[in-house]
Each structure stands twice: as C-alpha cells, then as structure tokens.
Amino acid sequence: WIQSRLTTEANAEYRVTESQYRQCLLQIARKAAANDGSWVSVEELDSVPRFDPTRPPGVAVERLIASNILETHPGRSDRIRFSFEAVQDFFLAESMIEDIEQDPKAAAGFFGGLSFSSAVTRLERIGDQIATNAFREEFVSALAILDGPKAAVVLRTSAEAFAEGSRELVVSKVSALLSSRMRSEQALATELLGRVRCDESKQAIQNHWTSNEASERVYPIVASAAISHSIIELVPHVFRTWWFTRDKYFVDLRPELLATTSEFRDTLTSYAAQYLAAQEHSDDYQRSLMVMAYLEDDIGVDAIRKRTKDAHPYFYESMYLLAIGSRKAVQLYSSLIDRFLRIPRDKPTHEEYTRIHFAYIPHVRVANLVTTTVEEFVCDQIDSDEPERQLIGRFLSKWLGTSRLLRHMVKRWQVDGYHIPGDYKFGRCLGANGWVELWREANITE
C-alpha cells in the first residue's frame with residue numbers, strides 16, 4: 001500500500017521522486033520518535049529533500065500532507081506528524097536498520113524494553129529487511145533471550161533465512177509459553193509458532209497440542225496453526241473447530257486450506273467422509289459437508305441425494321450444494337427447488353412452511369465460493385415465467401451478492417402480482433459504479 005501511494009504521489013511537475021518521498025518519511029519518523037512519537041516542527045526538517053527555508057517544509061513534505069500520509073496540527077500549522085501510527089512504525093523500523101547493524105545487542109535491548117504491541121509493526125518490517133544481512137543472527141538471538149515472542153515476529157516474515165540455531169532458540173523460548181497457566185500466553189505462543197514457517201515451529205506445535213487439550217478460546221488458534229503447517233496429526237482437531245458448524249462460509253478459509261499440502265487435504269477429506277452416511281442431523285455431518293465445500297470436493301452430493309430422497313434437506317445441505325457449485329450439485333439443488341414449489345402452502349402451518357422454506361432456500365452466505373454455474377442457475381430462476389421462481393431467484397441473488405446476480409436482478413425487478421420495494425442495503429451492495437453502468441445501459445437501450 002505504501003509503495004503504491006508513493007508511486008502515485010511521484011509527480012514530474014514538482015520534480016519530486018518516490019525515493020525523495022521515502023527519505024522525507026524516514027527522517028520524519030526518526031524525529032517523531034525522538035519526540036516520543038509526537039509532533040515534529042517544520043523547522044527541524046531542514047535536511048529533508050526539497051526543503052525550502054523561505055517556505056518550510058518544502059514541496060515534498062507539502063505533497064505528503066496533501067496526500068494524507070502526514071497531517072498538520074489543528075492549532076499549530078508549523079507542526080506535523082504521521083496520519084497513521086502504523087505508517088510511522090513502518091518507516092521508523094526501516095530507519096533503524098543502520099542502528100541494528102552497528103550494534104545488534106543494543107538494538108535488541110531497545111526492543112526488549114518496548115511493549116509487544118508497540119514493537120510488533122516495527123519488528124515485522126525489520127525482519128523483512130534484514131533477512132539477507134549477516135547481522136540478523138546476532139540481533140534475533142539477543143532479542144530471543146530478552147523476549148521470545150518479539151524475536152518470533154522478526155522470524156515470521158522469512159524464517160528459513162535464519163540459521164537453524166537461531167530458529168531453535170526462538171522456538172524454544174516461545175514454546176515454553178504453551179505450558180503457561182495463562183490462556184492468553186498459550187494463544188500468543190500458538191499463533192506466533194503458526195506463523196513462523198519452519199520445521200522447528202511445526203514440531204513444537206505438534207508435540208504440545210497432540211498431547212494437550214486446548215481451551216475453547218485457544219482451540220481455533222491451534223487449528224489455524226495446524227493448517228498453516230499442514231500437521232496431519234491435528235486433522236481431527238481441525239475438523240471439530242467451530243468454523244464448520246456455522247451458518248456461513250468464511251472468505252479466507254478456503255485459500256488457507258487449499259494452500260496446505262495435498263497429504264493434509266487428503267487426510268482431512270478422508271476423515272470428514274466417514275460422517276457422510278448420516279441419515280439424521282449431527283454436528284459431524286454438518287462439519288463433513290462444510291469441509292468438503294471448502295476443499296471443492298463434491299463427494300457430498302451423492303450423500304445428500306440419498307438422504308433427501310424422501311426427506312426435506314437441512315439448510316446446510318442446500319448451502320453445501322450452492323457452495324460447491326458444480327454442475328452435479330446445481331442439478332440436485334434444482335430438483336430440490338422443483339420439489340419445494342410443489343409443496344402446498346395451505347397444508348403445513350405457517351411456522352412449518354417457514355422452516356421448510358429456510359431449509360430449501362437458506363440465507364446463502366457462502367463468501368467468495370460462488371461459481372458461474374450457480375450464477376447461471378439463479379439467473380434462470382429470475383428469468384422464469386413463474387413468479388414463485390422469480391422470487392426464489394431474487395432471494396438467492398441478494399444473499400449470494402455477486403455483481404452479475406445483483407445487476408441481473410435489477411434488470412428484472414418487477415414480479416407479476418408482487419410489489420417489490422427497494423432496499424437501501426441492497427443498493428449499497430451493488431455500489432455506485434454498478435448503478436451508473438445500469439443507468440447508461442438503460443439510456444443506450446432507449
């Protein structure tokens with residue numbers, strides 16, 4: 001983000017380059033840190049690029065203020081600071097590389113005295129910058145002795161760049177917290193080890209969590225670490241994480257699972273598949289379907305077809321079919337919709353009909369899993385001559401929320417026999433650009 005902003009601000013008219021902007025920010029970050037991270041007087045910036053003594057601080061800093069990377073004190077126009085503390089920490093870390101090279105142990109002592117939250121952003125940037133420098137080993141080893149979690153932050157950007165001895169020292173310090181009586185320390189240690197991608201971290205997580213039970217709060221953090229390192233021994237733990245018993249799918253979980261090793265995915269699939277034969281609802285049956293959906297495995301389609309032959313689907317079965325989105329899954333879901341439309345409204349009670357409606361046509365929160373096949377099916381429902389199908393298509397479009405479906409729904413807004421009011425939330429989802437494009441299309445058509 002920062003690189004993109006500086007490239008955008010580089011302006012030939014003012015003859016200010018990206019590197020000059022960077023030098024300005026590095027110096028301002030240094031001076032702000034000397035002032036306890038507070039405001040910096042423009043008179044102190046006489047060494048920044050393009051400084052103008054007749055009109056301080058000069059065009060380069062003025063451009064950074066105009067772009068909202070820096071800001072002016074509301075009551076003192078001669079004082080400036082970073083608009084965002086995270087950006088200041090980023091440049092302060094980059095400016096401290098030279099100090100670390102000159103005296104790694106002293107630099108480690110400085111960071112050892114900071115709180116974890118104050119140091120973490122800087123240490124992430126430092127770890128990224130020093131991964132190829134010889135002094136990295138002395139710095140991270142000295143910091144590990146003082147504070148293992150902070151040293152782990154340095155390692156996590158490129159752990160394999162550090163020597164085995166340094167990794168072992170850091171991991172040993174952090175893994176000691178896994179046995180802490182404080183759950184917050186267990187959670188911190190597990191999360192850090194999960195992000196430090198090396199064999200030492202993987203072994204530490206595996207050794208501890210295959211022989212110890214995680215608390216409810218720590219449980220999903222252990223699962224995330226197991227996924228990050230593709231720890232096969234923790235597959236049963238991952239399977240029983242609460243993610244797989246919710247009424248929605250999460251945006252980032254599929255890419256994380258698909259980034260694991262093929263052996264881990266195959267093991268998780270095999271473990272989940274043993275629960276697909278269920279004829280009644282169980283948490284394990286729901287977990288198995290959601291796991292299959294995340295892993296893009298349509299093996300659950302046949303299990304749902306068999307179970308729903310003479311029974312209504314469960315809402316998560318319908319969600320699975322839409323999340324998988326394969327042709328076979330959509331064909332089965334289409335047949336379920338046909339069955340639903342044949343149910344007389346006057347036979348079940350209102351409450352019973354509402355429950356059945358939700359089972360067949362749930363609130364489909366499937367994150368970023370929507371396929372073209374699903375979009376085509378929903379568009380076909382909207383284009384149907386049957387008002388009931390049109391309403392189903394509209395409902396699914398609003399919950400699936402892809403640009404294609406929302407635009408198609410607007411174009412086919414009217415449903416015979418029904419008054420369809422506008423929805424401000426729906427309008428926001430389509431976005432201003434979407435509405436402008438629809439308006440242009442309508443004008444062209446006319």
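**Sheet strands and aromatic rings**

Trainee: How many bridges join strand 1 to strand 3?

Mentor: 2 bridges join them, and the two strands run antiparallel. Strand 3 covers residues 79-82. Strands are DSSP runs of E, at least two residues; helices are runs of H or I, at least four. This is a predicted model, where local features need pLDDT of at least 70 and side-chain atom pairs 80 or more, while totals for chains, interfaces and linings use all residues. Numbering starts from 1 along each chain as its sequence is written, and side-chain values use heavy atoms, without hydrogens and water.

Trainee: Which residue is the bridge partner of Val40 in strand 3?

Mentor: Ile80.

Trainee: In what order do the 3 strands of the sheet sit?

Mentor: 1-3-2, in an open sheet with antiparallel pairing. Pairing takes at least two DSSP bridges.

Trainee: Which strands stand at the edges?

Mentor: Strand 1 (40-41) and strand 2 (70-72). Each has a single partner strand, so one side of each lacks a neighbour in the sheet.

Trainee: New topic. How many aromatic pairs are there?

Mentor: 19. Phe, Tyr or Trp (six-membered) ring centres must lie within 6.5 Å; planes under 30 degrees apart are stacked, over 60 edge-to-face, the rest tilted. The Phe239 and Tyr275 centres are 5.4 Å apart with planes at 15°, so that pair is stacked.

Trainee: What does that pair tie together?

Mentor: Phe239 is in helix 14 (residues 235-239), and Tyr275 is in the loop between helix 16 (262-273) and helix 17 (283-294), so the pair ties together parts 36 residues apart in sequence.

Trainee: Is Phe239 buried or exposed?

Mentor: Buried, at 0% relative accessible area. Buried is under 20%, exposed over 50%, partly exposed in between (1.4 Å probe, protein chains only).

Trainee: Which residues form one aromatic cluster?

Mentor: Tyr285, Tyr314, Phe315, Tyr316 and Phe358.
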